[in-house]
Amino acid sequence: MGCFSSVELVMAYIRRISEVNLRVNSVLEVNPDSLRIAEQLDIERRQGRTRGPLHGLPILVKDLIGTDDRMETAAGSYALVGSKVRADATVVKKLRDSGAIILGKTGMSEWANTRSRRPSNGWNARGGQTYAAYHEQQDPLGSSSGSAVATDLSLTFASLGTETSGSILLPSEKSNIVGIKPTVGLTSRYMAIPISERADTIGPMARTVRDAAMVLQAIVGQDEKDNYTLASPFSNNYPDYAAACNLGGLEGKRIGVPRNVIEVLPSILDKAAIPIVSSFERAVTEIEKAGAIIIENANFTAYDAYRISSAPAQALAADMLSGLPKYLSALNSNPNNLQSLSDIRTFTRNSPEEDYPARDTDLWDMALLAGMNNTSPGFWTMYRQALYLGEEGGLLGALSRDNLDAVILPTQLAGDIPGILGSPVITVPFEAFPAEISVKYNERGDLVNTAPGVPLGLSFLGPKWSEESLIAMAYAFEQRTLSRETLHRVVEPRT
């Protein structure tokens, strides 16, 4: 404590960004007002006024999260460059009120990976391709990729990401950091570019569980501008998430292992599944040594049906067709006069910077062809089908049948079912692919998916509003294993 002023901290982070950003492309822009804000916060501290544990600490936010300042909020696309949000996103306002400095905007998979079935994770027209730091051309995975890479490389104290289905968890795993995907409604989505009102959530990404818990504490709360937050059971008396970090967090906990979910890994990843499963088994052993009770075969009974069902994807598409027009109509300025997903698709197809048709729009094409939004007559029946796959046939059924405190999964498999439910997950770094693993590229052939040294993670899944308990378990596991510092990056800033 007391080693740096906020101005010095911001200057150091900006230097670190300038050193490595040409290689990793994780930061889209730095807030031009960050030093001025840091100066004011230093004055407050010298006067004996601090706003909380985040006072004067720089935080980066994903380009999906609105900031009412001189930066863009554009989902990585030129379609929204120049648009202006009506106000700060509620989570951004809460960070500013807590004394955090919004340092800049991070790169992401354009439009949160909703544009194409064959994306390059981390690519967007505004900033190009983001790379993770553990192998040359490493796939950063998931749409909150810039937030993950920047946090891993200490270009910021922490960052905010958004998740619909895996977009915090997966990039956190591949960048060897902690990611918390909160319950939908624990954090407000007001003035964040929407994908699905039922699935979208905003959460912290940090290098340790405690740091992530501190950021989560600052951004939770009810917000009349997002009615999902009004369902919170906490009113204004939220748990102390940082205080949940204790070494005994796993003692006596009943932890389920859904073997039928893990069994699908070989069909997804082929030979790369072998080291993931081996790492997972070592994690199970560590959790049992920490005093937890492992419950085998806590299976998701409808998981086979989930894997062939189109209902979850259709529900997200229907939400997007409804949510985007509402967001666009609420902008203070909208230079390209975009009113709908159809307008966004037209702009994308006619803008050379958007790299169409090399990067197609087939997910948008299918959503528009289906023509179902979330007020369409068939939507509710279809959504209930999807919800069953996550509830009784998925995570909630597993938790209730065996009276579990949590379920654990390799992070690769942890996002889908909680995405349907809107339930929380925490991923913690644990090990990496071994030296003998073969290098494997993504479908487009431009990013390395699997390679020696690429990080792996373990995820803790729980019922809605169980973040406090999950943080305790994740912290206890993190402190037993301390895997993060054992991995080697191929790029490092020097400042």
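**Sheet and helix packing in the predicted model**

According to an unreviewed UniProt entry, the annotation "domain: Amidase" covers residues 8–470. UniProt positions are given in the numbering used here, feature names are shortened, and annotations may be inferred rather than shown by experiment. The model is predicted, and local features need pLDDT of at least 70, side-chain atom pairs count only at pLDDT 80 or more, and totals for chains, interfaces and linings use all residues. Residues are numbered from 1 along each chain as its sequence is written, and side-chain values use heavy atoms, with hydrogens and water left out. Within residues 8–470, 35% of the span is helix and 15% is strand, and the end C-alpha atoms lie 35 Å apart. Helices (H or I, at least four residues) and strands (E, at least two) are DSSP runs, numbered from the N terminus.

An open sheet of 11 strands is present, with mixed pairing and the order β1-β3-β2-β6-β8-β7-β12-β15-β11-β9-β10. Two strands pair if DSSP finds at least two bridges between them. Strands β1 (27–30) and β10 (293–296) form the edges, each pairing on one side only. From one strand to the next, the twist averages 30°. Angles run from 0 to 180 degrees between N-to-C directions, and axes are lines fitted to C-alpha atoms, for helices over the stretch in contact.

Several pairings within the sheet can be described individually. Strand β12 (residues 425–432) and strand β15 (residues 455–461) are antiparallel and share 6 bridges; Val428 stands opposite Leu458 in β15. Strands β9 and β10 run parallel and are joined by 4 bridges, with Ile255 opposite Ile294 in β10. The pairing of β9 with β11 is also in the parallel sense, over 2 bridges, and here Gly256 stands opposite Val407 in β11. In a regular strand the side chains alternate between the two faces of the sheet.

Helix α3 (residues 90–97) touches β2 (58–62), β3 (101–106), β6 (158–163) and β8 (201–206), and its direction makes about 145° with that of β3. Contact means heavy atoms within 4.5 Å. Helix α17 (residues 467–481) touches β7 (178–181), β9 (254–257), β11 (406–410), β12 and β15, and its direction makes about 10° with that of β12.

Helix α17 packs against helix α9 (residues 273–289) as well, at an angle of about 105° and with the axes 10 Å apart. Helix α9 is therefore roughly perpendicular to α17; angles under 35 degrees count as roughly parallel, over 145 as roughly antiparallel, 65 to 115 as roughly perpendicular and the rest as oblique. Ala283, Glu286, Ile287 and Lys289 in α9 meet Phe477, Arg480 and Thr481 in α17. This contact has 3 nonpolar, 1 polar and 3 charged residues, where Ala, Val, Leu, Ile, Met, Phe, Trp, Tyr, Cys and Pro count as nonpolar, Asp, Glu, Lys and Arg as charged, and the others, Gly among them, as polar.

The axes of helix α11 (residues 311–329) and helix α14 (residues 379–390) come within 8 Å and cross at roughly 130°, so α11 is oblique to α14. The contact involves Ala311, Pro312, Gln314, Ala315, Ala318 and Asp319 of α11, together with Phe379, Met382, Tyr383, Gln385, Ala386 and Leu389 of α14. By class, 9 nonpolar, 2 polar and 1 charged residues make up the contact of α11 with α14.

Two features of the backbone remain. Most residues other than glycine have a negative phi, and most peptide bonds are trans. Tyr356 and Pro357 are joined by a cis peptide bond, with omega about 10°, and Pro357 lies in the loop between α12 (341–349) and α13 (362–370). Ser235 is not a glycine, yet has a positive phi of about 50°; Ser235 is found in the loop between α6 (209–219) and β9.
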